[in-house]
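Q: Could you walk me through this structure, please? I would like to begin with its pocket.

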Amino acid sequence: MVHFRLGSTLLLTATCLLITKDVSTERVITCDDAYSVQRLSCETGVIIVQAALYGRADREICSEGKRPQQLTNTKCSQAGTVDVLKKRCDGKRVCELNTNVVRMSDPCSGIIKYLETNYTCFPANHLVVCEHSLGHLYCDIGQVIHVYGADFGRRDQTTCSYQRPTSQVQNQNVYCSSPTSKVAESCNGRNSCTISASNSVFGDPCVGTYKYLEVAYTCLYPQ
Ligand SMILES: *[C@@H]1O[C@H](CO)[C@@H](O)[C@H](O)[C@H]1NC(C)=O
């Protein structure tokens, strides 16, 4: 289940065109605690989550100060964790989430758990356009736009939030991931493209939430 509409064929074609050594794999481990924050970030490119584990697969990780019996189960993992991470983080440059967000169940009670996420930084331009603004995608002369993914909605509390009423950007508003192919349809194959981040273009996936359009794209030489 890929939420940030990265069509697998599109991604495969694109990956073949890119130099694979540019795609680095990162791994972040966050010990579970009511207020632990996990931060994924890419210096260049966008986050694509590869794998995520909420549970325990190792005795040593996050074992400091814990009793041995709290570390015995190393085959503990919650189903669906990777989907939560992908929905929140794919296509972003930086993604912060609290372990509360992934803790949907207790896959092994009495065992100390952690969140481990593997992700790559996929080389792409990253564009965020706040609702009621226009976004401009462009490439160098001779190149054309290729959109990897686009999402119109809200996936965190901070993006496009400056002085907006709290009721439109608070925690209850961030479950509004709405992948769209409209940007690819209008922009692929063109040298530049302007797109409006508005309900009239994308529909309104979450009424009452102040939204933004997030796009990952690259520039290619047409074949
Ligand atoms: C992350 O990658 C490491 C190194 O390849 C691997 O050992 C680990 O199992 C991966 N984690 C998950 C959650 O798949």
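Q: How do the residues lining the largest pocket divide into nonpolar, polar and charged?
A: The lining of the largest pocket has six nonpolar, five polar and six charged residues. Here Ala, Val, Leu, Ile, Met, Phe, Trp, Tyr, Cys and Pro count as nonpolar, Asp, Glu, Lys and Arg as charged, and the others, Gly among them, as polar. This is a predicted model, in which local features need pLDDT of at least 70, side-chain atom pairs count only at pLDDT 80 or more, and totals for chains, interfaces and linings use all residues. Residues are numbered from 1 along each chain as its sequence is written, and side-chain values use heavy atoms, with hydrogens and water left out.

Q: What counts as a pocket, and as its lining?
A: On a 1 Å grid over the protein atoms alone, a pocket is an open set of points where a 1.4 Å probe fits, with protein on both sides within 12 Å along at least five of seven lines; lining residues have an atom within 4 Å of a point.

Q: Which residues lie nearest the centre of the largest pocket?
A: Arg88, Glu96, Leu97, Asp156 and Gln157 do, out of 17 lining residues.

Q: Which strand gives the most to that lining?
A: Strand β5 does, with five residues. Strands are DSSP runs of E of at least two residues, numbered from the N terminus.

Q: How far apart are the C-alpha centres of the two domains?
A: Those of domain 1 and domain 2 are 25 Å apart. Across the two, 14 residues of domain 1 are in contact with twelve of domain 2, where contact means heavy atoms within 4.5 Å.

Q: Turning to Thr30, is it buried or exposed?
A: Thr30 counts as buried, because its relative accessibility is 9%. Buried means under 20% relative accessible area, exposed over 50%, and partly exposed in between (1.4 Å probe, protein chains only). Thr30 belongs to strand β1 (residues 25-31).

Q: What does the side chain of Thr30 make a polar contact with?
A: Its partner is the side chain of Gln38, at 2.9 Å. A polar contact is a pair of N or O atoms within 3.5 Å; within protein, one must be able to donate a hydrogen and the other to accept it, and residues adjacent in sequence count only if both atoms are side-chain atoms.

Methods. Helix = DSSP H or I, 4+ residues; strand = E, 2+ residues; numbered from the N terminus. Domains from an automatic or database assignment.
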